[in-house]
Amino acid sequence: MEEILNINGLSKKYGRIQALNNFSLTVKRGEVWGILGPNGSGKTTTLGIILGAINCDQGNFTWFGQPISPVNLKRTGALLEHPNFYPYLSAEKNLELIAILRNVDSLEIERVLRFVNLYERRKHRFQTFSLGMKQRLAIASAMLGSPEVLILDEPTNGLDPTGIAEIRALISKLAAEGTTIILASHLLDEVQKVCSHAAVLSKGNNLFSGNVSEVLNQQDIIEVASENLTKLTEAISLYPGFSSCRTLPSHIEVVFTEKTDPALINTFLFEQGIVCSHLALRKKSLEKYYLELLNSKIAQKVK
Amino acid sequence: METTFKQILKLESIKLINYKTFVILVLVFAAILLLAFLSLQSFVSNITVNQNNSNVPPLELFKVYRFPDIWQNFTYFAGHLKIFPAFIIIIIITNEFTFNTQRQLIISGLSRNKYVLGKISVVFMLSALITIFVALSALILGLFHNTGDYSQIFSRKLLFIPVFLLELFTYLNLAALFASIFRKTGLALMAFLLYMIMIERIIAFYLPEKIETFLPLKAIANLIPLPNSPLFQLFGVSFAEHTAVQDVITCLVYNAIFITAILFISHKRNL
């Protein structure tokens, strides 16, 4: 598939702080990338560099196979950090500025304003907006002219639960239409729900990058409960492929070295004379993987 | 598609026309200029009257509204108020940093060069607007006080109008440079004032007089010489009647330096 963005060995220092260290990434058309990492891990620095707002110290990157230029930036729509608009201008006027700059038809302004539910407030000045509304206007601005690539830095920041759900639905919809999306977030749940790929950053170092579903399919967790948890633990430890087990007040969590079928486990336990009151297969969450990754040896070495 | 100059002008005009602070400041400045021009004669005459109280022989009245001297009188006088538009320029430029809108425009596909071009265009247009206002005020007040000799309107002194434009443009570009360096409105204003009131004077103090005239504010101030009034003539002092080519060249060079410096800063800086 066509390469949209190719990042090659980017590094950036702010004084003595290494904000980004030899970061590489390739984004192909139609992929939805989540860039994960704690606050200050280099997410915004990365996005700032690829958008031409921040000068990098080392490395290079290409957009659509070409070096960065205002012309190819017009093919991308971006929301970087906070929503930045002229506070004294109305929502509509603020979008008009971007529309003029990007040669976008002014009819587009109405479309994107309706999309983010700000059409009724279009005549109001930006400074009268709540944080959530500002964020929605920034998303509308990035969407102006339906760019091929969307770059969203913490897009759900400051939004209420309904707003968050709307933005997620929007991202999924745009992704389904084939828009390439790069999303920076520290909300893992968000990335897990919408992204096909993820890169994990910690202190400027890339700890992982790859396919999200591959990561999540590696290991499954089985939740089991019965009347006697001690007996249950003893029994299940005999099951082939058993790896580890954690006892919780209401149930136990079992990890197996290979893929397992809950039905087989149920039969196995029943044969041992144990009746399950609860049995569930849980996918390992990205959050768990992420926390493991940050605490892993790679991350320790980085520190 | 590359951004055209027309698009840049459209962006800047939307930003300014809808910015109440800007519109009010421009109107206030126009009012100040107009009031100053209207009271200029009585102001100058007062000084002359005071002089008459001592034992000096009576002086010929200094007619400020007389063609062609009015071109020089008005531009010279208005030049003393140019700190006001400089404040406006500093506010406009530092706003873009404060609101972080410069970054938004650049990541949306405006090149840094074209961003700077937009700002220099604003500097030029504000300079041009003020020049036109001063020229029209001079023409109208001059005609109003004219005693019948219209041939004096078009004299070499009319050249003070384009020279005034150069004076404003250079001065406002210096203000734009301060705004680009300091980024915060208050800080840039203070630094600019400090440079005006103290720093350049201190530098001038340590420089030989020949080089001193090449300092930016000095060169800008030298463009339009002090009008020769009968009072000065009495003391045997006479100032140049016209702008020196050397000062024009110095100012043009300064404009090139200021704009290059603004471009350089804009490219170096992380937004």
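Tutor: Gladly! A residue is buried if 20 or more other C-beta atoms, placed from the backbone, lie within 10 Å of its own, exposed if 12 or fewer, and partly exposed in between. This is a predicted model, where local features need pLDDT of at least 70, side-chain atom pairs count only at pLDDT 80 or more, and totals for chains, interfaces and linings use all residues. Residues are numbered from 1 along each chain as its sequence is written, and chains are lettered from A and ligands numbered from 1 in the order in which they are written.

Student: Why is T98(B) called partly exposed?

Tutor: T98(B) has 14 C-beta neighbours inside 10 Å, so it counts as partly exposed. T98(B) belongs to helix 4 (residues 83-98) of chain B; helices are DSSP runs (H or I, at least four residues), numbered from the N terminus.

Student: What makes the crossing of helix 4 of chain B with helix 7 of chain B left-handed or right-handed?

Tutor: A crossing is left-handed if the near helix is turned anticlockwise from the far one by less than a right angle, and right-handed if clockwise. Helix 4 of chain B passes helix 7 of chain B in a right-handed crossing.

Student: How many nonpolar, polar and charged residues does that contact have?

Tutor: The contact of helix 4 of chain B with helix 7 of chain B has 12 nonpolar (Ala, Val, Leu, Ile, Met, Phe, Trp, Tyr, Cys and Pro), 2 polar (the others, Gly among them) and no charged residues (Asp, Glu, Lys and Arg).

Student: Which residues does T98(B) approach in space?

Tutor: One of them is K184(B), 86 residues apart from T98(B) in sequence and 6.9 Å apart in space, C-alpha to C-alpha.

Student: And how many residues of chain A and chain B are in the contact?

Tutor: Chain A gives 26 residues and chain B gives 25 residues, where contact requires C-beta atoms, placed from the backbone, within 7 Å.

Notes. Two residues are in contact if their C-beta atoms, placed from the backbone, lie within 7 Å. Helices (H or I, at least four residues) and strands (E, at least two) are DSSP runs, numbered from the N terminus.
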